[in-house]
Amino acid sequence: MSKRVLITGITGQDGSYLAEFLLAQGYDVHGMVRRSSTEGFDRIRHIRSRITLHQADLLDQLSIVRLLDAIRPDEVYNLAAMSFVPTSWEQPLLTGEFTALGVTRMLEAIRQVDLGIRFYQASSSEMFGAVREEPQNENTRFWPRSPYGVAKVYGHWITVNYRESFGIFACSGILFNHESPRRGKEFVTRKVTDAVARIKLGLQDKLYLGNLDAMRDWGFAGDYVRAMWMMLQQEKPDDYVIATGEKHSVRELVETAFSYVGMDWRHHVEIDPKLIRPAEVCTLRGDAAKARRVLGWHPQVSFTQLVQMMVDADLEAVRREVADTAH
Ligand code: NAP
Ligand code: F7E
């Protein structure tokens, strides 16, 4: 019989790639979605008929318990969260409820329904924040720089604690930034590739950005969801850093994206001081040696391939948008 899985955050970037990956592995895939007056299922439209969606909310403990009891999954991937760093300064309490306490609600539900359910927690390189060393690995001290980062530190430690307290097979994946054509347009990579497409096609002239000096270790989301699954297939639960080991600045990102379509970014990019964060994570670069050694995980898409893939996808999307409005 096929294994059953529950993904929270299935409508998000990672949820959609993970659902595709697990379907290909033969899983019976269930997703948790929150109630909304309109359906935001764009990223999972192409697999909608092959998955089962259920309404529940990270803020509502009983809804999660009832859901786990009804589905009885073998594995749970907790990807749901308020994931945009700037919003975490505007809505710090809600961020704590979703991104921090939401993890405890998931773990409590497992504790109540079935201690045998395997659990993956979507932790983040934002926990390293003002980095204490480079590259960062599983033993690097955390110093989060936003309410989002602080909430993720809580989520990480409650996952470790429930593993140690109750023997739950719970893993915390400390994932560095990962992107794709399905990335939300407020994140810097997609904001840049969407703007490059619009500028190239004559629909826009300027792109306003914040800190061009920030450096990130950017990988491809499709590679990273494979690592999540690998963690839950091991004999013992553990925590892993997932990263490419390379870092690039926002300036390099912009240069790579504009030059790919034959344009000079200096003619189009302007700085908007409102986009500078109250406390910045200036640089991140991960060391995924443990994941390579234990899981056998390697990223397959390079930085340049990733940027080009996203620009190509946005050129196509914007062309479609233009054609649709012309009809
Ligand atoms: P994303 O695209 O923003 O997706 C977030 C998902 O969480 C969406 O499906 C959203 O549902 C859902 N959600 C939010 N609040 C919820 C609630 N109260 N109840 C139920 N569902 C809720 O994020 P992502 O990039 O896929 O990231 C997935 C996870 O990995 C997140 O936890 C993120 O913090 C973490 N992470 C991401 C990265 C990265 O670089 N992408 C790196 C490290 C860690 P709606 O569609 O209803 O909004
Ligand atoms: O910013 C700088 C910004 O918003 C990256 C989330 O998935 O990854 C993501 O968090 C950098 C920052 O991602 C703009 O200041 C400059 O230094 O794309 P981002 P993030 O904050 O790193 C981690 C791992 C997560 O866990 C999060 O959930 O780019 N930057 N100008 C800008 N950033 C944005 N968004 N917009 C700009 O205009």
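A: The second largest pocket has 20 lining residues, and those nearest its centre are Asp42, Arg43, Pro181, Arg182 and Arg190. Two elements each give two or more residues to this lining: H6 and helix H10 (303–326). H10 supplies the largest share, seven residues. (Helices, H or I with at least four residues, and strands, E with at least two, are DSSP runs numbered from the N terminus.) The space in the second largest pocket comes to about 510 Å³.

The model is predicted: local features need pLDDT of at least 70 and side-chain atom pairs pLDDT 80 or more, while totals for chains, interfaces and linings use all residues. Residues are numbered from 1 along each chain as its sequence is written, chains are lettered from A and ligands numbered from 1 in the order written, and side-chain values use heavy atoms, leaving out hydrogens and water.

A pocket is an open set of points on a 1 Å grid over the protein atoms alone, with protein on both sides within 12 Å along at least five of seven lines; a cavity is a set where a 1.4 Å probe fits but cannot get out, and lining residues have an atom within 4 Å of a point. Points are joined across faces, edges and corners, and the volume is the space filled by probe spheres set on them.

Charge marks this pocket. Twelve charged residues line the second largest pocket, beside five nonpolar and three polar ones. (Asp, Glu, Lys and Arg count as charged; Ala, Val, Leu, Ile, Met, Phe, Trp, Tyr, Cys and Pro as nonpolar; the others, Gly among them, as polar.) Two domains take part: domain 1 (4–178 + 218–242) and domain 2 (182–216 + 246–278 + 302–320) each give at least three residues to the lining. Those bounds come from an automatic or database domain assignment.

Now ligand 2. The shell around ligand 2 also draws at least three residues from each of domain 1 and domain 2. It holds 24 residues, with Ser83, Ser124, Tyr148, Arg277 and Glu280 nearest. (Near means a heavy atom within 4 Å.) Helix H6 (188–200) supplies at least two residues of this shell, and so does strand E8 (207–209). H6 also lines the second largest pocket. By class, the shell around ligand 2 has eleven nonpolar, six polar and seven charged residues.

Tyr148 has a polar side-chain atom 2.6 Å from an oxygen atom of ligand 2. Lys191 places a polar side-chain atom 2.8 Å from an oxygen atom of ligand 2. Glu186 uses its backbone: a polar atom there lies 2.9 Å from a nitrogen atom of ligand 2. Alone, ligand 2 exposes 700 Å², and the protein buries 95% of that. (Accessible areas come from the Shrake-Rupley method with a 1.4 Å probe; for residues, only the protein chains shown count as cover.)

Ligand 1 has 24 residues around it as well, and Thr11, Asp14, Arg34, Ser83 and Tyr148 come nearest. An N or O atom in the Tyr148 side chain is 2.6 Å from an oxygen atom of ligand 1. For Arg34, a polar side-chain atom sits 2.8 Å from an oxygen atom of ligand 1. For Lys152, the distance to an oxygen atom of ligand 1 is 2.9 Å, again from a polar side-chain atom. Taken alone, ligand 1 exposes 900 Å², of which the protein buries 87%.

Helix H1 (13–24), strand E5 (118–124) and helix H5 (147–166) each provide at least two residues of the shell around ligand 1. E5 gives the most, three residues. The classes are ten nonpolar, nine polar and five charged.

One cavity of 30 Å³ or more is counted. Its lining includes Trp89, Glu126, Arg145, Arg277 and Glu280.

Last, the backbone. The Glu134 to Pro135 peptide bond is cis, with omega near -5°. Pro135 lies in the loop between E5 and H5.

Notes:
A polar contact is a pair of N or O atoms within 3.5 Å; within protein, one must be able to donate a hydrogen and the other to accept it, and residues adjacent in sequence count only if both atoms are side-chain atoms.
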